[in-house]
Amino acid sequence: MAEVTIPPVGDGSGIEESKRFLAEELQLALRNRAMPLEGLRWDITPTGMHYLLVHYDVPMVDASHWRLDVGGLVGKRLSLSLNELQRLPQRTLAVTMECAGDGRGLLQPRPVSQPWLYGGVANAEWTGTPLRGLLEQAGLGNDVREIVFTGLDRGFEGGHEQTYQRSLPIDTALHEDVLLAWAMNGAPLEPQHGYPLRLVVPGWYGMAHVKWLADIEAIDTDFEGYQQTSAYRYSQNRAEPGDAVTLMRVRSLMVPPGIPDFMTRTRIMERGPVELFGRAWSGVAPITHVEVSTDAGASWEDAKLDAAAGHHAWRSWRYTWDASEPGPYELCCRATDAEAHSQPLDQHWTARGMGNNAVHRVHVIVR
């Protein structure tokens, strides 16, 4: 077989200086994980491939003693066991979930945190009871503005000791598809995914899907917890309040074709027709269009869209490329949603590395 020359990595030290990661970033990367991009081939991501981000520690929860408390500005305070929750009306939804920091490690200069490259996304089936029914049972006060969700994971972040807390606007919390989920892909939640109960908020980035849920509180003000007002913001420096991170931006990824070089992940392909395949999603509106470029974004061709797998699930796309000429190529994909939001060619830089939805680029060598 013909030999292929793989571009070298750095100066022989094993990694380019500009891509060196801090030991603290490496520690985070080893605790958390991305979905391998070949995982895009599954309509429903296998649980073991689903991306994972744990802010603090995975708590050890005994479900026989655990209860979910509902309080604040409600007419009737509730405290329910897992068995009691599971006797309420149930729904199962396929929901695409992405970490807001996915792509952070590609930014220059790189914001220091969990160093996601690609793959902080997955699509799972979640089973639970609609949050709306529980809030209606509790009886919300007329002045309720937000619903606060508190998990059992605890730690320090930004100089603050805290349990993980996030809030949702009342209109979002009352949407019929927001779930209190106890099962993932037909099985009880695994500890790292929030056992025994987690919140699932279709369309929103993953920080909103509070895991190890223990408490729900109705309030008549804007919640000002750290994860709400400091951690997940779009801004050009960390001193600015910026804008809140909410719905997932339009994005697409492709399954890298061919076979990989072990170290660089450069893809090696034989000449001839090859089907490029991937997924696209948006938390704002349905996907309507995906384009593919085989020349680093200089020109674009339409990909074929498959039928949507669900209202909140990613949409598959495919494109046949005639890779007849040997040499290096940079493949790209770009999605557009029904609100005319399209992926940018260049990355959006923010101080916390949030919402990087630049086009996906894959380097291949046709031999």
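Asn83 lies in helix H2 (residues 82-86). Helices here are DSSP runs of H or I with at least four residues, strands are runs of E with at least two, and both are numbered from the N terminus. This is a predicted model, in which local features need pLDDT of at least 70, side-chain atom pairs count only at pLDDT 80 or more, and totals for chains, interfaces and linings use all residues. Residues are numbered from 1 along each chain as its sequence is written, and side-chain values use heavy atoms, with hydrogens and water left out.

Asn83 is exposed, with a relative accessible area of 52%. The classes are buried, under 20% relative accessible area; exposed, over 50%; and partly exposed, in between (1.4 Å probe, protein chains only). Asn83 and Pro241 are 158 residues apart in sequence. Their C-alpha atoms are 41 Å apart in space.

Next comes the sheet. Five strands form it, in the order S2-S1-S10-S5-S6. The sheet is open and its pairing is mixed. Two strands count as paired if DSSP finds at least two bridges between them. Strand S2 (78-80) and S6 stand at the edges. Each has a single partner strand, so one side of each is left without a neighbour in the sheet. From one strand to the next, the twist averages 25 degrees. Helix H3 packs on this sheet, touching strand S1 (68-72), S2, S5 and S10. The direction of H3 makes about 135 degrees with that of S2. Such angles run from 0 to 180 degrees between N-to-C directions, with axes fitted as lines to C-alpha atoms, for helices over the stretch in contact.

Within the sheet, strand S5 (residues 146-157) and strand S10 (residues 213-219) run antiparallel, joined by six bridges. Glu146 stands opposite Ile219 in S10. His160 is partly exposed, at 43% relative accessible area. Leaving aside neighbours within four places in sequence, His160 is in contact (heavy atoms within 4.5 Å) with Gly155 and Tyr226.

Back to H3 (residues 131-138). Its buried residues are Leu131, Leu134, Leu135 and Ala138. They cover an arc of only 100 degrees around the axis, which puts them on the same side of H3. The arc is that of the directions from the helix axis to the C-beta atoms. H3 is followed by Gly139, whose phi is positive, near 80 degrees.

The largest nonpolar core has 70 residues. Such a core is a set of buried Ala, Val, Leu, Ile, Met, Phe, Trp, Tyr and Cys residues joined through side-chain atoms within 4.5 Å. Trp126 and Ile216 have the most contacts inside it. Strand S7 (residues 179-184) gives the most to this core, with six residues. Beyond its neighbours within four places in sequence, Ile216 is in contact with residues including Leu68, Val70, Leu131, Leu135, Ile147, Phe149 and Leu180. A second, separate core has 20 residues, among them Ala303, Trp317, Tyr319 and Trp321.

Five of its seven residues are buried, so S17 is largely enclosed by the rest of the structure. Six bridges join S17 to strand S21 (residues 327-337), and the two run antiparallel. Ser293 has Cys332 as its bridge partner in S21. S17 also runs antiparallel to strand S18 (residues 301-302), with two bridges. There, Val292 stands opposite Glu301.
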